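Subject: Structure handover

Hello,

Here is the structure you asked to take over. Please look through it with the notes that follow.

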Amino acid sequence: MNKLKKAIIPAAGLGTRFLPITKAVPKPMLSVLDKPTIQYIAEELSSVGIEDIVIVVSPGSDVIQRHFGKNQDLEDRLLSDGKTALYEIEKATRRFNVQFAVQEVPNGLAGAILCAEPYIGDEPFALLLGDELIYAGENDKPCMKRLAEIFESTGKSVIATMEVFGDDVSKYGNIGIANEEDGVMQVSAIVEKPSLAEALSNNAIIGRYVLSGKVMGMLKTLKPRNNEIYLTDALDTLAENGELLASCFEGKRYDVGDKFGYIKANVEFALMSKEIGEDTSAYIKELAKNLK
């Protein structure tokens, strides 16, 4: 059985769409309510029992390292003040075994993955992109759990997919589907951000993957295009060889790399909050009375 034990979270982007805040604060540290997006993403891994995480950061992103590290002064103060609930919240930020790799050269997603090679080696790994949150409700199977189960039963790399239509087709990597059984799709080809006429299907690639150990070696052989190494080049080779699967997911995806998507995530997470959900709902209803 191929047991999944490790994960990579690329977090080295400049976040230029969120300037000026990202001049000082790394985009993965922008919060949805009171928790940075990168912590939500790390917590998705709990469904598959992964605690060994490599976060790939840009130079000078020590704030991410501080977030996942120990703050003894803060913990001592919370305990001395009797704020045990807040202490447990703070403690939860360091329950993962996190290693950090620095991406010195901005050479794309595959370049970020290669920065994590010293920690991953030739083992399989989960890959979670930081611009997307996937919320799983009580009756939903978490996306990473679904992907891990497929990988561990087949030994093949597997990617998450969702249906898109119209102009949205050209915003994502797009997959061709050879066949589908029990919700598992055999990927035949991949095209990067095609026009509607060039699309292979309505299935887009989203930022959740479980990749076999051979992928790291494949990335090392790729030649850069436009100063970037492309993960999709390796995935397309896997697809040609019948070694790439895809699956839709349960729950809801939020594109927090987009300003409107980020606002939607904050509003909807606030509505789901036990602490402020009712107040948020009442506020939105009152606000809506004055909207045109």
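A nonpolar core is a set of buried Ala, Val, Leu, Ile, Met, Phe, Trp, Tyr and Cys residues joined through side-chain atoms within 4.5 Å. Buried here stands for a relative accessible area under 20%. Please keep in mind that this is a predicted model.

The cores

The largest nonpolar core has 50 residues. I55, I64 and F68 have the most contacts inside this core. Helix α7, residues 143-154, gives the most to the core, with six residues. A second, separate core has 32 residues, including L127, L211, M216 and I229.

What does I64 contact, if neighbours within four places in sequence are left aside? The list is A11, P26, P28, M29, I38, I55, V57 and F100.

Helix α5

Helix α5 covers residues 108-115, and its buried residues are G108, A110, G111, A112 and I113.

E132

E132 is in strand β7, residues 132-135. Is E132 buried or exposed? E132 has a relative accessible area of 8%, and because this is under 20%, the residue counts as buried. A polar atom of the E132 side chain lies 3.0 Å from the backbone nitrogen of G207. Not counting residues up to four places away in sequence, E132 touches I41, E44, I206, G207, R208, R253, Y254 and V256.

The loop between β10 and β11

L200 sits in the loop between β10 (184-192) and β11 (203-211). L200 is partly exposed, with a relative accessible area of 43%. I175 is 25 residues away from L200 along the chain, yet their C-alpha atoms are 5.9 Å apart. I175 is also one of the contacts of L200 beyond four places in sequence, along with N174, G176, A189, I190 and V191.

K193 is in the loop between β10 and β11 as well. Its phi is positive, near 45 degrees, and K193 is not a glycine.

Other backbone points

L33, in the loop between β2 and β3 (35-36), has a positive phi of about 55 degrees and is not a glycine either. With a relative accessibility of 31%, L33 is partly exposed.

The peptide bond between L19 and P20 is cis, with omega at about 10 degrees. P20 belongs to the loop between β1 and β2 (31-32).

Regards

Notes. Residues are numbered from 1 along each chain as its sequence is written. This is a predicted model: local features need pLDDT of at least 70, side-chain atom pairs count only at pLDDT 80 or more; totals for chains, interfaces and linings use all residues. Side-chain values use heavy atoms; hydrogens and water are left out. Helices (H or I, at least four residues) and strands (E, at least two) are DSSP runs, numbered from the N terminus. Buried means under 20% relative accessible area, exposed over 50%, partly exposed in between (1.4 Å probe, protein chains only). Contact means heavy atoms within 4.5 Å. A polar contact is a pair of N or O atoms within 3.5 Å; within protein, one must be able to donate a hydrogen and the other to accept it, and residues adjacent in sequence count only if both atoms are side-chain atoms.
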